[in-house]
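Hello,

Here is the structure you asked about. Please open it alongside this note, and my findings follow below.

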Amino acid sequence: MKAQYETQLKYRALDENGDMSITVDLGEVRDDIKHFAAHFDNRQQYGIGTPATIEISTSVDGNKFSYLVSPTLQSDAIDSAFYVNCNAVTARYVKLKVTR
């Protein structure tokens, strides 16, 4: 499925604890963000594992983020995913923080 809005990822490498955050710039402030989803590979034999926790935060300016939710992963042998439906959120930036 093709994304309706073009996004840009700001990738930050793993920190000293092995955690990672990804910030998505939606390109403009949107007031109709209602759904969040992500998929993670779960191939332990290759050293790729599912996150222990996930946090979603949003921001209008890219500096001050407000915590939104910590979704629960739905897992199987090959991958893990989460889907979040919520009341409309106003934001330009969406941050996904994962811990191992």
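In β6, S75 has S80 as its bridge partner. This is a predicted model, in which local features need pLDDT of at least 70, side-chain atom pairs count only at pLDDT 80 or more, and totals for chains, interfaces and linings use all residues. Residues are numbered from 1 along each chain as its sequence is written, and side-chain values use heavy atoms, with hydrogens and water left out.

Strands here are DSSP runs (E, at least two residues), numbered from the N terminus. Two strands pair if DSSP finds at least two bridges between them.

Start with β6 (residues 79-99). Strand β5 (residues 74-75) pairs with β6 through 2 bridges, antiparallel. Strand β2 (residues 20-41) also runs antiparallel to β6, with 15 bridges. There, M20 stands opposite V98. β3 joins β6 by 7 bridges, again antiparallel. S59 has Y93 of β6 as its bridge partner.

Now the hairpin. β3 (residues 53-59) and β4 (residues 66-69) run antiparallel and share 3 bridges. T58 faces S66 of β4. The hairpin has 6 residues between the strands, and G62 takes a positive phi near 85 degrees.

Which residue lies over the face of F65? K95 does, at 4.3 Å from the ring centre. A charge sits over a ring if NZ of Lys or CZ of Arg is within 6 Å of the ring centre and within 35 degrees of the ring normal.

How many aromatic pairs does the structure hold? The count is 0. Such a pair needs ring centres of Phe, Tyr or Trp (its six-membered ring) within 6.5 Å.

Best wishes

Terms used:
Phe/Tyr/Trp six-rings, centres within 6.5 Å; stacked < 30°, edge-to-face > 60°. Helix = DSSP H or I, 4+ residues; strand = E, 2+ residues; numbered from the N terminus.
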